[in-house]
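Thanks for coming. Let me put the structure up.

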Amino acid sequence: DPRPTARPARRPPPPTRNRRRPPIPQTRAMPLPDLVSRAELELDAPPSAVWAKLADARGWNAWRAFPNKLVGAVTAAPASLTPGDRLGLLASPGILGVLPLPTRATVTRAGRGVLSFEDDALFGLAAGTHTLTVRPAGLLGRRSKVTVEHATTGPVPCLLPAAAKERAAARWLLDLKAALE
């Protein structure tokens, strides 16, 4: 007989009682809020002079008027900043606005009036993006408008008082202004 032979039907496995685990519910991670600070200041210096100061990260410590020589200091920097370069910093204002927070930063953009770098600290519990922008101000471009923006995210921003971050950005700009004028 050329007919195919039928296979016997498989028996279903015996029922098990309470052996099946309930599925683990899928949860979404709640996005953590960003702590954002922004400061802006006009300087009586041309954008080229301002940019020269910003591009020399090794020289930042020389013109910074630190309330405490540790906080806000550059601990390692290349001679000139290009994307991919690494910086060593002690974050200002640090943990609880007091303790210096060592961070490693990577330059993401450098040139055409914008310096941007990303950092992380405390094994990734805090991450930040810093953007420094220099634009001409006034009709003749002999003045500059400098903006400092910083966004921090992660579980640690609750330890960084927002007002302290704003004061640190404003102080940084005032130090830059004093060095240039």
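Planes under 30 degrees apart are called stacked, over 60 edge-to-face, and the rest tilted. This is a predicted model, so please keep that in mind throughout.

By that criterion, Trp60, Trp63, Phe117 and Trp172 make up one aromatic cluster. The structure has 3 aromatic pairs, and I will go through two of them.

One is Trp60 with Phe117: 6.5 Å centre to centre, 40 degrees between the planes, tilted. Trp60 sits in helix H2, residues 60-63, and Phe117 in strand E5, residues 114-121, so this pair ties together parts 57 residues apart in sequence. Trp60 and Phe117 are both buried.

How is the pair of Trp60 and Trp172 arranged? The ring centres are 5.6 Å apart and the planes are at 85 degrees, so it is edge-to-face. Trp172 belongs to helix H3, residues 162-180, and Trp60 to H2, so here the parts tied together are 112 residues apart in sequence. Trp172 is buried, as is Trp60.

Now the surroundings. Leaving aside neighbours within four places in sequence, Trp172 is in contact with Leu54, Trp60, Trp63, Arg64, Leu132 and Val148.

The largest nonpolar core has 26 residues. Among those with the most contacts inside it are Trp60, Phe117 and Trp172, along with Leu132 and Leu176. H3 gives this core its largest share, 5 residues.

Key. Residues are numbered from 1 along each chain as its sequence is written. This is a predicted model: local features need pLDDT of at least 70, side-chain atom pairs count only at pLDDT 80 or more; totals for chains, interfaces and linings use all residues. Side-chain values use heavy atoms; hydrogens and water are left out. Rings of Phe, Tyr and Trp (its six-membered ring) pair if their centres lie within 6.5 Å; planes under 30 degrees apart count as stacked, over 60 as edge-to-face and the rest as tilted. Helices (H or I, at least four residues) and strands (E, at least two) are DSSP runs, numbered from the N terminus. Buried means under 20% relative accessible area, exposed over 50%, partly exposed in between (1.4 Å probe, protein chains only). A nonpolar core is a set of buried Ala, Val, Leu, Ile, Met, Phe, Trp, Tyr and Cys residues joined through side-chain atoms within 4.5 Å. Contact means heavy atoms within 4.5 Å.
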